[in-house]
Amino acid sequence: MNTPALIATLHTLCAAPLQLGTQLTGDMMLRLGSLTLALFTAIGQLVHQHRDPRLVLAYCDLVEKFAQQIHHEQLATALDAELSGAHALSLESFDQLRAGTCILEGEPQLAVGRTCYKSAGDLLAAWLGLNYFEAQRRIDDAHLLIGRRTAQGESCEPRMPQLARLYADCGANRRSITVTARRLEKLEPKDTTFDGTPAQLTARDTDGQLLETHAARALAQLGPNAARKEISTRIGIYKELHCEKQPPALGLFIGPVIDGVHEFTLRTLAAHAQVIRSIRVQSADWRTQAGKAARHATAEPAAFVPDPSPATKAQQPVAHPAATPSTPTWLQPETPMPAWAKPADKQSEADGTPNCTTKPEPTGNHEETVTSELRALNAFMAILTSPASGGKIKPVIPRIFVYMWLSDLQNLAEAHAVTSNGVHLPPGELRRTLAEANIIPVVLGGNSQPLDLGRSRRYHEGYVRAAVLARDRGCIVPDCTTPPDHVEIDHYQRSWADGGTTSVQSGAGLCPDGHHSRHVDQIRIVDVDGLPHVILPAHLDPEQKPRRNTYWGALQLGDAPDHEAAPVAPPDPPGSTDPPGSPGSPEES
């Protein structure tokens, strides 16, 4: 059989199950499934040998489609196992199925009296070799997104109907939809459908719509990171308004000492959290003196130096103080010994020349071994110890920019705001924060355009940079999570070399990767009514629609602020981790 004939046969085979319907026996369906798995495995082996990057990428897309469909079938078959009462089969049926000798015709043989398994979850855990909680989780997920079982053993609609439609149509990543459904379920009362009482969804956003409605819209329209952020924020606001759980106590708590490492727990409110997050993010900026100082793990006492291992200690020579008796005080000279009279090793130290016993300075890129967590600790300790060290350690100066709308400034009693690092400030903390010194409020007008900020310079620095970030909030590439402190400002309208000017209107926030992508023409930046928008490459966005990132709260063109609800801000800004690429300030196109 030649290749075209084989492909035509496979096309016919794919349509056969739907055309034949009930004419296919259970054995035939299982055999077709086994052949499909064998064919998929064989194709994968051929792709692995081919090494053509174009074929690899196309096959990656195909594998992901398989994975999405398999995720659906895992939940659907788990629900089928519950609805069909598979756990009530007899022990002989289980043995025959496993041995492959069971005849899938006629009525199934059920257990007489007590069943082998208590529930479908117990059966799936044992039959598939899964942890019980994972097996039961599949059934619970199916209840949320595929269907539920009534008291009569029939199937009814799932608990999350809007997310279920999105899941069935594969309108978003099915794993992300499942995780979102689980989170929303925790906000709802217990499902009593099996008890005969239909349960309705009750968790609603501040605008009156169901949280499920907002979640389904975010998953369908936004990127994965932006959708997760928006959903998390709405869930967080709902919990603040409806949950009676008391917040943990504030303060600095001393924890245990583990192998010489002291552990502390710090709990603070949003305004102080922004200070700490600013220190955390700025400690990764290697272009500043404070950032460079934070990268030297052994340069200052603030850094932690682990004790040498026992093997290293065994190799170190042991000094014996008694072997070199000290000079009596009455024989010690009042003036220091001249250089010519010092021993050879001392002479070399005085000249600055290392001797054979002096440990040389380490060579190579020593900074690469310093983790982001250790850099943050170094920067934090530099602030605490800077007065005592006489200014030898360059401390990080925390920056607090508060973004808010002009209408919110005129109504501080109910106003919300968000900081440059994505920390949400409720009304009470916002009023206290604005009353403090060294707080820079950036007031926004229509279309997220900063008011009363901006002046032309060679580089986008100072308040010009702050104004650009007040408008863009971060990188404008859709779904980018690079912290604002690591964003570069690009002359997107006309480069400086071609006569462009440096102003708020001419700049656009881009992460290092996005900045590089624009200069290699992978992405394009266009001006739409004064707002820079990104056009992604066709293989990422076939619609070629101008888009703006919403992850850090920058509004899209035509959006208006929702004064009834708090602004969208990530519950745990990813500024706690270093983004890919180097931070850039100043930057230039």
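**Aromatic rings, notebook page**

I started with Phe40, which is partly exposed at a relative accessible area of 23% (buried means under 20%, exposed over 50%, partly exposed in between, with a 1.4 Å probe and protein chains only). Tyr59 has 11% relative accessibility and counts as buried.

A note on the source: this is a predicted model, where local features need pLDDT of at least 70, side-chain atom pairs count only at pLDDT 80 or more, and totals for chains, interfaces and linings use all residues. Residues are numbered from 1 along each chain as its sequence is written, and side-chain values use heavy atoms, leaving out hydrogens and water.

Next I looked up the ring pairs and found six aromatic pairs. Rings of Phe, Tyr and Trp (its six-membered ring) pair if their centres lie within 6.5 Å; planes under 30 degrees apart are stacked, over 60 edge-to-face, the rest tilted.

Why is the pair of Phe40 and Tyr59 stacked? Their planes are at 25 degrees, with the centres 6.1 Å apart, so the pair is stacked. I also noted that ring pairs link Phe40, Tyr59 and Phe66 into a cluster.

Then I turned to Phe94, which counts as buried at 6% relative accessibility.

Last, I checked for charges over rings (NZ of Lys or CZ of Arg within 6 Å of the ring centre and within 35 degrees of the ring normal). The charged end of Arg98 sits over the ring of Trp127, 3.8 Å from its centre.
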